[in-house]
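This report describes selected strand and helix arrangements in the structure shown below.

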Amino acid sequence: MFANPPEAPGERERNRRRFLRFLLGSPFLASRPVSGWQAATGSGVIADLKDALNVMDFEPAARKVLPPAHFGYLATGVDDDATLTANREGFKRFQLRPRRMVDVSHADLRTELFGTVWEHPLSLAPVGSQKAFHPEGEVAVARGARAMRTLQILSTVTTCSVEEVNQAAGHPVWFQLYPTSRWEITEKLVRRAESAGCPVLVLTVDLPVGRHTDTLERTKRLDTRNCAACHSSSPGAGFRRKPMFDGIDMAGVGVYNAAVTWEFARRLRELTRTKLVLKGIQTQEDAQLCREQGIDGIIVSNHGGRAEETGRSTIECLPEVVAGAGDKVTVLVDGGFRRGTDIFKALALGARGVSIGRPYCWGLAAFGQAGVEKVIDLLRAELELIMRQCGVRTIAEISRSFVAAP
């Protein structure tokens, strides 16, 4: 037998990175089968909305139409993407306990959040820079959400203004807030959201500092386009296509704020009369602090596996956050939701609603507004089906008893 020559220091890691770059650029990976019908037919990409059987069918369709770096922005986690993977794997640790002999001729998915009744508990999480996926960006999403009577949460770094989005949605959306590194900018963003009528402010707290988005950086290297028109290294250029910062001097300002503490949340609570939700809570201790600080709601989130590499899924974090939040704090959750059964499990564990991010952006990229609507409709239909299969007729009937202890 012949032994391989020993690798020089660092050579193994360089070879691993070369192999990953090869995979990312591989036509085979771009058209990999990801669902049953694709495996059966030999096709990797749906060409028509009617061909979509589940939301995962939209991922390769989005990959096909998007530039490598733009798809990489959607696909990336951080470090080794362990938390990104955990968000999906976590659902396998919870099994369902269906009840029988219940009249499930009809199911009612209506859900109340902060005094507003929605047709279902599914909402669209804040995702920035949506014109990177479709020319109409957040406005197309708002129209899709309106058609499907779905809650939309708009990102601070939206590429369409809150006023445009509200008009397309037919009502004021929730507004997600990055704290930025200067309080006066935070105050201006809050006042603009208030003036637009946004009833809920969602403060993101899981990105106080930077992050290692390795997958995104690798896809950027595969992208040979001249992107200077949209991306520049000049000071403040990153805010040029972000209309929520129009008229604000952003020189030397960061979207994240490493100095944010509970004092910031208290100050924000005093600043606005809108409902205040903290997005990024993952522990019982922080949920208890939210309750003590008068926070109205929590979104259990790890930024879709794009914040820190905890290796822990949001569905696994949910029970302890619900316990810490108590009865007066509304708890929602996002991260890795791809099936109606995923949503059902979260509701059974105490969430009042579930947000999705990547799936509706895949739909937006591949088919515009119609793709967003289809993604919502598929998940809504799957949720209704599993409710009836488990002997549940209303969202209020879903309880912890329907989920087996992991």
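## Strand S6 and its partners

Strands S6 and S7 (residues 200-204) run parallel and are joined by three bridges; strands count as paired if DSSP finds at least two bridges between them. From S6, the chain crosses through helix H9 (residues 183-195) to S7 in a right-handed β-α-β crossover. Right-handed here means that, with the strands pointing away from the viewer, the path from the first strand over the helix to the second runs clockwise.

S6 (residues 174-177) also pairs in the parallel sense with strand S5 (residues 151-154), over two bridges. Ile153 stands opposite Trp174 in S6. S5, helix H8 (residues 162-169) and S6 form a right-handed β-α-β unit. Trp174 and Gln176 point one way from S6, Phe175 and Leu177 point the other way, and all are buried (under 20% relative accessible area, 1.4 Å probe, protein chains only).

## Basis of the description

The model is predicted: local features need pLDDT of at least 70, side-chain atom pairs count only at pLDDT 80 or more, and totals for chains, interfaces and linings use all residues. Residues are numbered from 1 along each chain as its sequence is written, and side-chain values use heavy atoms, with hydrogens and water left out. Helices (H or I, at least four residues) and strands (E, at least two) are DSSP runs, numbered from the N terminus.

## Helices H7 and H16

Helix H7 (residues 137-147) packs against helix H16 (residues 369-389) at an angle of about 40°, with the axes 8 Å apart. Residues of H7, including Ala140 and Arg143, meet residues of H16, among them Val372 and Glu373 (contact means heavy atoms within 4.5 Å).

Notes:
Buried < 20%, exposed > 50% of the residue type's maximum accessible area, 1.4 Å probe, protein only. Axes fitted to C-alpha atoms, helices over the stretch in contact; angles between N-to-C directions.
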